[in-house]
Amino acid sequence: MALTDLTIVRRSLHARLFSTCVTALTVGVAVALMLVLFSMRDAGRQAFARGSGNMHLIVSRDASPMVAVLNGIYYANPPARAIEWAKYEQIAASMPFAFAIPTQQGDSYRGFPVLATSTEFFSDFEPNLGEPWKFAAGRAFDKPFEVVVGAVAARETGLRVGSEIFLTHGIAQSRQLGQADAVAPHVHKEFAYAVVGVLEPTGSAHDRALFTDLTSTWIIHAHDRRKLTDPSIRTTTEDDLLETDRLITGIYLRVASRPGRDVTALLPAAFDALRRDPTITVAQPVQQIDALFRIVSNIDVIILAMAGVVMVSSAISIMLALYNSMEQRRRQVAVLRVLGCSRPRVFGLLVTEATIIGVLGAAIGLALAVAGALVAAGVLRNAIGLVVTPVFAPEITLAVLTGGILLSALAGIVPAVMAYRSSVADHLKPLG
Amino acid sequence: MPESPVHQDATPALRIADLRFRYPGARPTDPWIIDIAALELAPAEQMLLTGGSGRGKSTLLHLIAGVVDLEAPNAGRIEVAGRNVHALRGPARDAFRARHIGMVFQTFNLLHGFSALENVMAALMFSDIPPREHRALAAALLESLGIERTDAAPDRLSVGQQQRVAVARALACSPELVLADEPTASLDPENADIAMDLIQNACRTRGTALLCVSHDPAMAERFPRRARLDDLHTAHLHAAAPGLAAGREGGEAWR
């Protein structure tokens, strides 16, 4: 085996091991940052696209379509204004919908939102398009005071089929926020709910929710109302419900597709028809999610630009590392030249060295990115219940890695030119 | 010390003609640092060039090796093994140097981070010698020069052994000419003696010509042929001044 240029490069990297490692790490961090940002951006979009599933429209009395989507699908806050049952029936009958599912929010269990709804929520609504609900255990509720628990809520609370729970009126966290006018949350101690089902994870915000039927929710609020006037009341049943107790906060709608007509043609018509009613807010979740990401994408650009700056600065640090080592290596370069190594070959050696640092950095970056994305996904899931599956799109990953390596190679050019120009004679003399 | 064999009909290992050199940036009125009308070294011949420091000894060697360019207003012809070194450009000259010229330095200039064997192999990697022969060639050469720990890093070897590695490296490609630049300056007298024996014997055995520059007076007796660089210059000036284009046989007087 003869010596090769690669041997010389390897020895050179080895001789400056610390510098090599630190420089490669710098490149690695920059590459990782880029990869994670790209990955999270795509994964975040995917995560936000989850939850609306096969619904076409959401109706509520929130102030804006965006708020309607954030509240109705992502459980940001319980909608403040209710929709009367008569109004629901009017809307549901206004045109042929595949489903018109009433939803009501406002109660919670240990900080997890409770969505009161109808059984169609499980039979007709799909949280992700083409993926109906799956039960990890048990079944859907089919009578009052039965509750189904989302996957994350079940994991965090330890609830299982057969558990008995009491719901809290309002969201417990509002007390901590110190909102003076917020209704003080209280536990509906009189009404025990039985957990009858636990759902499989869907990757949507629904995983953090609990689901029960509308009637039981109406009953516990009617009970509160009745106790205000007569504290001696012990029980409230469905028979005690008044029309004003039958309130919901949102409607999930799916336009029925007629044979021979594309739903994309029906949807705008349905949307416009509903929008003519000034008392309700109607939103197309897909549009609102796009709008949300248009807003976020500005921040995206800034973050990507910052990652780019980190990338460039890491290239500069490669340049500096090689530049600083030039003093040490001028003699070596001179000796190689005397032995017959040509200037272009010396140039090649240094650019190769920088490129190898870039390759090492890219590898470190990829490893860091995969690990980092998993950590970030965990944080997002635990902190805001956003289920993000880090996806590294092959073409973007390849582009970032190649970019990192090319930038490193480019950074090797300055010291390589120095070595190219370096006078042999001057650096063969004795030291000192 | 036996007289070096001189074959008049063979191509000289080194032939210098009308060589004049000033460092780049020097004024046209400055004297030439090197000004040699003619100097010839027969195959396997050994010659000592003496002179104080700063008199251009190293520069002459660098010119011969072609690591310093000979550009206008500098002029002259330097042939090694019959090839005009400065007619070759860039990589071609480097390749020529790899194959035909070996250099030995005062500070050895061994490559750090490379074993003794690899230092010798480094000289072979720039030559046209087939790569698969490199390891065996280098090992055999080191063995013949008495280096057993060929895998040792140079800084783990004694100074004397380091010099052997440097000599082995200079001879690796069986060059026609070895240029030795103060090869004993960092050695004590005893080691200097050993080193010079080594260099001279190795060159003699391989039929390689040796041009050694040194200011060590003890070296003189080792070389039947020797000259002071200043005298080469002076002789040239006497023989040819002021016209520089005339024939220059004066240098040969110093054979």
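Which residue of chain B forms a salt bridge with A:Arg337? The partner is B:Asp94, and the closest N and O atoms of the two are 2.8 Å apart; a salt bridge here is a side-chain nitrogen of Lys or Arg within 4 Å of a carboxyl oxygen of Asp or Glu.

The structure is a predicted model, in which local features need pLDDT of at least 70 and side-chain atom pairs count only at pLDDT 80 or more, while totals for chains, interfaces and linings use all residues. Residues are numbered from 1 along each chain as its sequence is written, chains are lettered from A and ligands numbered from 1 in the order in which they are written, and side-chain values use heavy atoms, with hydrogens and water left out.

**The interface of chain A and chain B**

Counting contact as heavy atoms within 4.5 Å, 24 residues of chain A touch 26 residues of chain B. The two chains bury about 2,400 Å² between them, 66% of it on carbon and sulfur atoms, where buried area is the accessible area (1.4 Å probe) that two parts lose on being put together, summed over both. On the side of chain A, the residues that lose the most area to chain B are A:Leu3, A:Arg11 and A:Leu339, together 28% of what that side buries.

Two salt bridges are found across this interface, and seven residue pairs, both members at pLDDT 80 or more, are in polar contact. A polar contact is a pair of N or O atoms within 3.5 Å; within protein, one must be able to donate a hydrogen and the other to accept it, and residues adjacent in sequence count only if both atoms are side-chain atoms.

Helices α1 (5-15), α10 (285-338) and α11 (343-384) of chain A each supply at least two residues of the side that touches chain B, and α10(A) gives the most, with six residues. Helices (H or I, at least four residues) and strands (E, at least two) are DSSP runs, numbered from the N terminus.

Two strands pair if DSSP finds at least two bridges between them, and the following table sets out two open sheets.

| Strand order (chain B) | Pairing | Edge strands |
|---|---|---|
| β6-β7-β8-β3-β9 | parallel | β6 (101-105) and β9 (225-228) |
| β2-β1-β4-β5 | antiparallel | β2 (34-41) and β5 (83-84) |

In the parallel sheet of five strands, the twist averages 15° from one strand to the next. Five bridges join β7 (residues 177-181) of chain B to β8 (residues 209-213) of chain B, and B:Val178 has B:Leu210 in β8(B) as its bridge partner. Helix α6 (residues 189-206) of chain B packs on this sheet, touching β3, β6, β7 and β8 of chain B, with a direction that makes about 155° with that of β8(B); axes are lines fitted to C-alpha atoms, for helices over the stretch in contact, and angles run from 0 to 180 degrees between N-to-C directions.

In the antiparallel sheet of four strands, five bridges join β1 (residues 14-21) of chain B to β4 (residues 75-80) of chain B, and B:Ala17 stands opposite B:Arg77 in β4(B). Helix α1 (residues 57-65) of chain B lies across β3, β6, β7 and β8 of chain B, and α1(B) also lies across β1, β2 and β4 of chain B, running at about 120° to β1(B).

**Salt bridges over all chains**

The count over all chains comes to 24 salt bridges. One of them joins B:Arg15 and B:Glu40, with the closest N and O atoms 3.4 Å apart; B:Arg15 lies in strand β1 of chain B and B:Glu40 in strand β2 of chain B, so the pair ties together parts that are 25 residues apart in sequence.
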